Amino acid sequence: MMNKKGFTTIELILSFTLIMLILISVFNVIMNYKNKQQTEAIKNDMLVFKNTVTKSISDDLIKDKAVTATVSCGGNNCLTINFSDNSSKNISVVTEENSNGEFTKLAIIYGNETFNVKYLDSSSIINNEPFFRIVDVLNDTRKLLVINIPIANTNLKKDYGIHIVANIGS
């Protein structure tokens, strides 16, 4: 009679296969979690960027009362806002692209502050519309200042840009 105390080759192969399937499943779960964590970190950074820039501009528009605004600096990438205390600030959008059309730099400069967008890709600016517009209000001496700087990241599928509408004038 033979002694059957060990594992057969088939039993070893099946055990090894089951252990590998479990390890692969656990690895996939960990990688999915890591990707989700990275995406959420990017979303958080983009929201902080958006809120910081919007707050800085909005605070000045409300506190210092914008009197006039002019799109200047050559093209639609710069705006000068004149306030009731005779001070003024410029807002400009600075972009640089490489030969493939991908953004290498995207920054919003407001007064003495520079806000750089961290996560850039080929579609960081959503459209080619003007960033700044001044709209006349019917039957009124006031005007509306529209700041629309759409910023996105293809992984996020959402606009994290700067969108402000404010009254200017008397």
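Colleague: Which residues does Leu79 touch, not counting residues up to four places away in sequence?

Modeller: Leu79 touches Ala69, Thr70, Val71, Ser72, Lys89, Asn90, Ile91, Phe132, Leu145 and Ile147. Contact here means heavy atoms within 4.5 Å. This is a predicted model, in which local features need pLDDT of at least 70 and side-chain atom pairs count only at pLDDT 80 or more, while totals for chains, interfaces and linings use all residues. Residues are numbered from 1 along each chain as its sequence is written, and side-chain values use heavy atoms, with hydrogens and water left out.

Colleague: Why is Leu79 called buried?

Modeller: Buried means under 20% relative accessible area, exposed over 50%, and partly exposed in between (1.4 Å probe, protein chains only). Leu79 has 0% relative accessibility, so Leu79 counts as buried. Leu79 sits in strand β2. Its C-alpha is 8.9 Å from that of Phe131, a residue 52 places away in sequence.

Colleague: Which residues of α1 are buried?

Modeller: They are Ile42, Met46, Phe49, Val53, Ser56, Ile57, Ser58, Asp60 and Leu61.

Colleague: Why does Phe16 count as exposed?

Modeller: Phe16 has 55% relative accessibility, so Phe16 counts as exposed. Phe16 also lies in α1. With Ile19, Met20, Leu23 and Ile24, Phe16 makes a nonpolar surface patch of about 490 Å².

Colleague: What makes that a patch?

Modeller: Patch residues have over 30% relative accessible area and no salt bridge; nonpolar side chains (Val, Leu, Ile, Met, Phe, Trp, Tyr) are joined within 5 Å, like charges within 9 Å. Areas come from the Shrake-Rupley method with a 1.4 Å probe; for residues, only the protein chains shown count as cover.

Colleague: What makes a set of residues a nonpolar core?

Modeller: The members are buried Ala, Val, Leu, Ile, Met, Phe, Trp, Tyr and Cys residues, joined through side-chain atoms within 4.5 Å. The largest such core has 30 residues, and Leu61, Ile81, Ile91, Ile147 and Ile149 have the most contacts inside it. At least two residues each come from α1, β1 (66-72), β2 (78-83), β3, β4 (103-110), β7 (143-149) and β8 (162-168). Helix α1 gives the most to this core, six residues.

Colleague: Which residues does Ile91 touch, not counting residues up to four places away in sequence?

Modeller: Ile91 touches Ile57, Asn77, Cys78, Leu79, Ile81, Ile108, Ile109, Tyr110, Phe132 and Ile147.

Colleague: Why do Thr80 and Ser92 count as buried?

Modeller: Thr80, in strand β2, counts as buried because its relative accessibility is 16%. Ser92, in strand β3 (residues 88-97), counts as buried because its relative accessibility is 16%.

Colleague: What makes the pair Asp59 and Lys55 a salt bridge?

Modeller: The rule asks for a side-chain nitrogen of Lys or Arg within 4 Å of a carboxyl oxygen of Asp or Glu. Asp59 and Lys55 meet at 2.7 Å, N to O, so by that definition they form a salt bridge. Both residues lie in α1, four residues apart, about one turn of the helix. Glu40 and Lys43 form another salt bridge, at 3.6 Å. The whole structure has four salt bridges.

Colleague: Is Asp136, the partner of Lys143, buried or exposed?

Modeller: Asp136 is exposed, because its relative accessible area is 55%. Lys143, at 33%, is therefore partly exposed. Their closest N and O atoms are 2.9 Å apart.
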